[in-house]
Amino acid sequence: MRKIFVLGIVITFLFSGCNNKLENKKKIVINSGTISKGIEIGKKLKSYTFKDQFGKNHTLTNQVKKVIFVFTKTAGHLTRAYLKTKDVDYLQKRHIDFIADVSKMPSIIFKMFALPDFKKSKYPIMIIKNKEKSQIFRNNEQKDAIMIINLNNKIVTNVKFVTNEIDLKNEID
């Protein structure tokens, strides 16, 4: 019975596809207030340490200027499709951390499909597997968008939510 259940999950995942299309909304810029439990404009970003797709730990440092968070498969695919067109050191040169939340993904799907796919990317993708850690950073109203946090010495200066490649490019190039 368990094998049939797992097979059903795998088939669902394979045929669900992804079209890299977020609902195209106007870019949202937030310059004050609380975004989530760990993100407040004018305050230090909640410190983090996450493993990337190769198992290496990454911790927030003063050098990080931007953090890209994606909380859905579609936002992740859109971001990765854009980054695929860039040099391997694109994020590093710009002092950008890229963090993908996979906490809602069944672990078997993550291990069998998502992680091998992430490993095709040469740049680090920090991975949130824990739902509690995800809630620290997720803005539930904008969870489908790509969240870009601008930092100055770990202090959040503003947060932007984008839903298309043009706005993503304008915010991180």
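Q: At what angle do helix 2 and helix 6 pack?
A: In this predicted model, local features need pLDDT of at least 70, side-chain atom pairs count only at pLDDT 80 or more, and totals for chains, interfaces and linings use all residues. Residues are numbered from 1 along each chain as its sequence is written, and side-chain values use heavy atoms, with hydrogens and water left out. Helices are DSSP runs of H or I of at least four residues and strands are runs of E of at least two, numbered from the N terminus. The axes of helix 2 (residues 73-83) and helix 6 (residues 165-172), lines fitted to C-alpha atoms over the stretch in contact, lie 10 Å apart, and the angle, on a scale from 0 to 180 degrees between N-to-C directions, is about 60 degrees.

Q: How is the orientation of helix 2 to helix 6 classed, and why?
A: Angles under 35 degrees count as roughly parallel, over 145 as roughly antiparallel, 65 to 115 as roughly perpendicular and the rest as oblique. The two helices pack at about 60 degrees. That angle therefore makes helix 2, relative to helix 6, oblique.

Q: Which residues of helix 6 make the contact with helix 2?
A: Contact means heavy atoms within 4.5 Å. Helix 2 contributes Leu78, Thr79, Tyr82 and Leu83. From helix 6 come Glu165, Leu168, Lys169 and Ile172.

Q: Why do the buried residues of helix 6 line one face, and within what arc do they fall?
A: Buried means under 20% relative accessible area and exposed over 50%, with partly exposed in between (1.4 Å probe, protein chains only). The buried residues of helix 6 are Asp167, Leu168, Glu171 and Ile172. The arc is that of the directions from the helix axis to the C-beta atoms. These residues line one face because, seen down the axis of helix 6, they fall within an arc of 115 degrees.

Q: Which residues are exposed on the other side of helix 6?
A: The buried residues of helix 6 are covered by elements including helix 2, helix 3 (90-93) and strand 6 (66-70). On the other side of helix 6, the exposed residues are Ile166 and Asn170.

Q: With which residues is Lys104 in contact, leaving aside its neighbours within four places in sequence?
A: Lys104 sits in the loop between strand 7 and helix 4 (107-118). Its C-alpha atom is separated by 7.2 Å from that of Lys131, 27 residues apart along the chain. With those neighbours left aside, the contacts of Lys104 are Lys131 and Arg138.
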